[in-house]
Amino acid sequence: MKKQVITIAGAGSGYTPGILLTMLNHEHFEVKEIRLYDDDSQKNSDMEIIIDYLLEKGNYDVSLIRTENPKEAFTGADFVFSQIRVGKIDMREKDEKIPLKYGVVGQETCGLGGFSYGMRSMKGFLELVDSIQQYAPEAWILNYTNPETIIAEAVRRKYPEAKIINACDMTIIIEEVVSDSFGYNRENWIPVYYGLNHFGWYDSIYDDDLGRDVMPEVIERFRNEGLNVEGQETSWAQTYQNMRLIVQNFPTHLPNNYLEYYLYPNLAVEQADKEYTRANMIMDGRLKKIKETVKNIQNQENLDQINYESSEHGQYIVDIAVSILHNKNDRFMLIVPNKGSIPNLREDAVVEVPCYVNANGVEPISLRFDIPDFHKGLMEAQVASEKLLVDGFYENSYQKVLEAFTLNQSVPNADVAKKILDEFIEVNGDHWVELN
Ligand code: G6P
Ligand code: MN
């Protein structure tokens, strides 16, 4: 098998070491060259120092390139892993804090924070895809960039044939936490799941070893005992606590945890600290860690404390690449155009469903049942609001974006929608397209 040339777009991210180590340690993935690409040269150089150190320490025979030039980054690349965050953490902080001021959910991918990020992300991500189409149209783009349904919708309108796979690790993380909590082995699970990204439900979880659908018993234990959140960060522990509330009130399906923002926006607002949101935790956690690690490497001190390793986050996306390269037909939850996968949902929605991945790319499954009205209704409103946002982006339409904001289910009324929109236009500046 040919050795691969890999480009990480948004290389300055704290997830980069985990993704690269997962790749380098994967027995079925051979890397010839790693290219770190980021438009922030400071963050990119910091990451170069870390990756260079890790490559040397692990004795990996791989060349490393750091570049802020798209031509150099993409020409000849086999895979581009994108995790760009347009506007970086400072804008994430605004996405979270501005809606909270008005008593509305402030979250990076859900609600109006997600829409603010979506407007930035569409602009930055489409520029990235433009470059990749120009310099490496044959490369596979494996995308983690959020908010994923909005990105996927925007990209397919401009590049319906682009070789892009949109993946989110949330379902894997849910399955991991749930199976660990109740003593199952996730490797034996064949889950049937449907939804939009960060907005979906499990219909069944067949356990191949036990020979039965374990979802009903999992839900029963989840309702009664809750999940085991030992070792989880406080904010994630809170998330799983809120997820339990969903399961207690709506016990027919296992939900995606992100539904808390649409079903219990009141709770999400109540639990939030308006002065110190998730963005601040990341600044004080992942981002500080990068700076400290760089300093330690430069000073050759505390090197034993450098603990970057293969990660779950990396595992998922690397497994997708391996399934393409080795034509494995492994099954993943991916974000794809509906086209009948969910039979009773509009064809032109972008949905998250189980898919098989092989040398041809992605082959989504088709559910053989209609989804319940409760889920369908919630999803239809969400699809419509996200589509309006993408319309607004392409048409430079203030009106469409206001409609998107108003329709979002985390928003109580059009008045608040408009106030938050106007404030977002102000703070986002050139990160957004102009709206007329
Ligand atoms: C999960 C989601 C991602 C999201 C991340 C947030 O992995 O699938 O889409 O970005 O959580 O994590 P953070 O630690 O940045 O709050
Ligand atoms: Mn995600």
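Student: Which handedness does the crossing of α4 and α16 have?

Tutor: This is a predicted model. α4 passes α16 in a right-handed crossing.

Student: At what angle do the axes of α4 and α16 cross?

Tutor: The axes of helix α4 (residues 88-101) and helix α16 (residues 414-428) cross at roughly 150°. They come within 10 Å. Angles over 145 degrees count as roughly antiparallel, so α4 is roughly antiparallel to α16.

Student: Which residues of α4 and α16 meet?

Tutor: From α4 come Lys94, Ile98 and Pro99. Their partners in α16 are Ile420, Glu423, Phe424 and Val427. By class, this contact of α4 with α16 has five nonpolar and two charged residues, and no polar ones.

Student: Where does a cis peptide bond occur?

Tutor: Look at omega. The cis bond joins asparagine 146 and proline 147, with omega at about -15°. Proline 147 sits in the loop between β5 (140-143) and α6 (148-158).

Student: What is the phi of lysine 88?

Tutor: Phi of lysine 88 is near 55°, a positive value in a residue other than glycine. Lysine 88 belongs to helix α4.

Student: Glutamine 300 also has a positive phi. Where is glutamine 300 found?

Tutor: Glutamine 300 lies in the loop between α12 (278-299) and α13 (312-325). Its phi is about 55°, and it is not a glycine.

Student: Why does glutamine 300 count as exposed?

Tutor: Count C-beta neighbours. Glutamine 300 has 7, so it counts as exposed. Lysine 88 has 17 other C-beta atoms within 10 Å, so it is partly exposed.

How values were computed
Residues numbered from 1 in each chain as written. Chains lettered and ligands numbered in written order. Predicted model: local features only at pLDDT ≥ 70, side-chain atom pairs only at ≥ 80, totals over all residues. Axes fitted to C-alpha atoms, helices over the stretch in contact; angles between N-to-C directions. Helix = DSSP H or I, 4+ residues; strand = E, 2+ residues; numbered from the N terminus. Parallel < 35°, antiparallel > 145°, perpendicular 65-115°, else oblique. Left-handed = near helix turned anticlockwise from the far one by under 90°. Contact = placed C-beta atoms within 7 Å. Nonpolar A, V, L, I, M, F, W, Y, C, P; charged D, E, K, R; others polar. Buried ≥ 20, exposed ≤ 12 C-beta atoms within 10 Å, placed from the backbone.
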